[in-house]
Amino acid sequence: MKLNDIRTAEAKLLVRTYDRTPISFVGGEGVHLFDENGAAYLDLLSGIGVCALGHGHPAIQAAIDEQSRKLMHTSNLFYHPGQAELALRLTEMTGLDRVFFCNSGTEAWEAGLKLARAYATLRRSEGTRLGTKILALEHSFHGRTMGAVSTTHKLAYRGPFEPLLTGVEFVRFDDVADLEAKFSAEVCAVCLEPVQGEGGIHPVSKEFFAAARRLTHQTGALLLADEIQSGLGRTGEWCAYQQYGILPDVTTLAKPLGGGIPIGAMLCTEEAARALSPGMHGTTFGGGPLACAVAIAVIDTMRRDNLLDHIRQTGKYFFEQLQSLAANHSAAVEVRGKGLMLGMELSNAELAKHVVARMLERRIVINRTSETVLRFLPPYILQRQHIDQAVQTLDEILSSAATAANLPAAVQGAHA
Ligand SMILES: Cc1ncc(COP(=O)(O)O)c(C=O)c1O
């Protein structure tokens, strides 16, 4: 099917959850995507942080090929080697003790929330005073299922689905005093993204993260770090929390873990894991043989190719290039982020929308988050020449937007 037919069919057949950009991608190789006419696009978004090894990586192809010939699915009623082999790697990388496998980010987060509530129930049964309240941060994003949406701040994502999970309260981002004021023995979980993604690429401060750890340690509440977007190397460490020197009780991984194959993981401490016993939580598909084999291939490739180092180096270069660009354009407000999770805030939403559209015309894929922020989540295999290409193009687009903005309206009309 070609783009126009796809659009007509989808408009009639699909539930209207997405406002898609009118391009149909049919192939990919490395850092490039190909549309139905064979045009190549530089992919600086990697399917919202998923295709960490780029497109068509031979290690992923080999894992899919090999595992699909052996065994695709068994359910969680039986053993297969994949979960244990993947859990060995993930626990070593994250410093946490146990893993629950699922199929997506929101499911991993849901597992974390359920664990927090179950752990509080367990502790109460053991005589500890621990309530059921959950603290999350303003501008947070944790997913689209009911629990995840309940801890997600944006009204547009929550409002129509109310009533949501009870007992969730939002703390002002990075505001230690607000956290201290809202924290008590009634709280069973403090939730945060070490680097807020959908919220506009905002790393949480060391002081705030440390305060959340200190307070939760005082009562036994769990500290949940959502690393679905920031984890698995994206910021130059396996988990962004490692840059803060803080170990949470629970973390969640998904997006890049399967390099394009859906898989999520909730990791927790031995202590927190006491709260779940057989039958309390589960999934049919989670941690299936195919997804595990691919995730193992992603991790082993990252280790073999020393990609964490590469992410740190290319991320630093990208950040510096964006900063010099921002210094030359008054419409660029700030550059933020870590590793290859970067954002450039522009002065207004219309301009950000315009820039994303012009970048796409120039065949470079980025997106806009939090209205005004240009977001870059490129594949980890990105090279300097791709960054140069993107920054040069951005420079040209911002320059011509500034020129257009300075022209009198009548002249702008004449140029339109
Ligand atoms: C921090 C964070 N948590 C959770 C999610 C939800 O993940 P998924 O879309 O795989 O359910 C996302 C997705 O963007 C995310 O960025």
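Four strands make up an open sheet in the order β13-β14-β17-β16, with antiparallel pairing; strands pair here if DSSP finds at least two bridges between them. β13 and β16 sit at the edges with a single partner strand each, so one side of each is left without a neighbour in the sheet. On average, neighbouring strands of this sheet are turned by 30 degrees against each other, direction ignored; the axes behind that angle are lines fitted to C-alpha atoms, for helices over the stretch in contact, and angles run from 0 to 180 degrees between N-to-C directions. The model is a predicted one, where local features need pLDDT of at least 70 and side-chain atom pairs count only at pLDDT 80 or more, while totals for chains, interfaces and linings use all residues. Residues are numbered from 1 along each chain as its sequence is written. Helices (H or I, at least four residues) and strands (E, at least two) are DSSP runs, numbered from the N terminus.

Within the sheet, strand β14 (residues 341–346) is mostly covered, six of its six residues being buried. Buried means that 20 or more other C-beta atoms lie within 10 Å of a residue's own, exposed means 12 or fewer, and partly exposed is in between, with C-beta atoms placed from the backbone. In a regular strand the side chains alternate between the two faces of the sheet. In β14, Met341, Gly343 and Glu345 point one way, Leu342, Met344 and Leu346 the other, and all are buried. On one side, β14 pairs with strand β13 (residues 332–338) in the antiparallel sense over six bridges. Ala332 stands opposite Leu346, and Val335 has Met344 as its bridge partner. The β13–β14 hairpin has two residues between the strands, and Gly339 takes a positive phi near 55 degrees there. Strand β17 (residues 373–376) also runs antiparallel to β14, joined by four bridges, with Leu374 opposite Met344.

Because 12 of its 16 residues are buried, α11 is largely enclosed by the rest of the structure. The buried set includes Leu290, Cys292, Ile296 and Met302. These buried residues pack against α3 (58–70), α4 (81–94) and α12 (307–327), contact meaning C-beta atoms, placed from the backbone, within 7 Å. Just after α11, Asn306 takes a positive phi of about 55 degrees.

Most residues other than glycine have a negative phi, and most peptide bonds are trans. His139, however, has a positive phi near 70 degrees; His139 lies in the loop between β5 (133–137) and α6 (146–150) and is partly exposed, with 18 other C-beta atoms within 10 Å. Glu371 also has a positive phi, of about 70 degrees, and belongs to the loop between β16 (367–369) and β17. Glu371 is partly exposed too, with 13 other C-beta atoms within 10 Å. The Glu162 to Pro163 peptide bond is cis, with omega near 5 degrees, and Pro163 is in the loop between α7 (155–158) and β6 (168–171).

Note on methods. Two residues are in contact if their C-beta atoms, placed from the backbone, lie within 7 Å.
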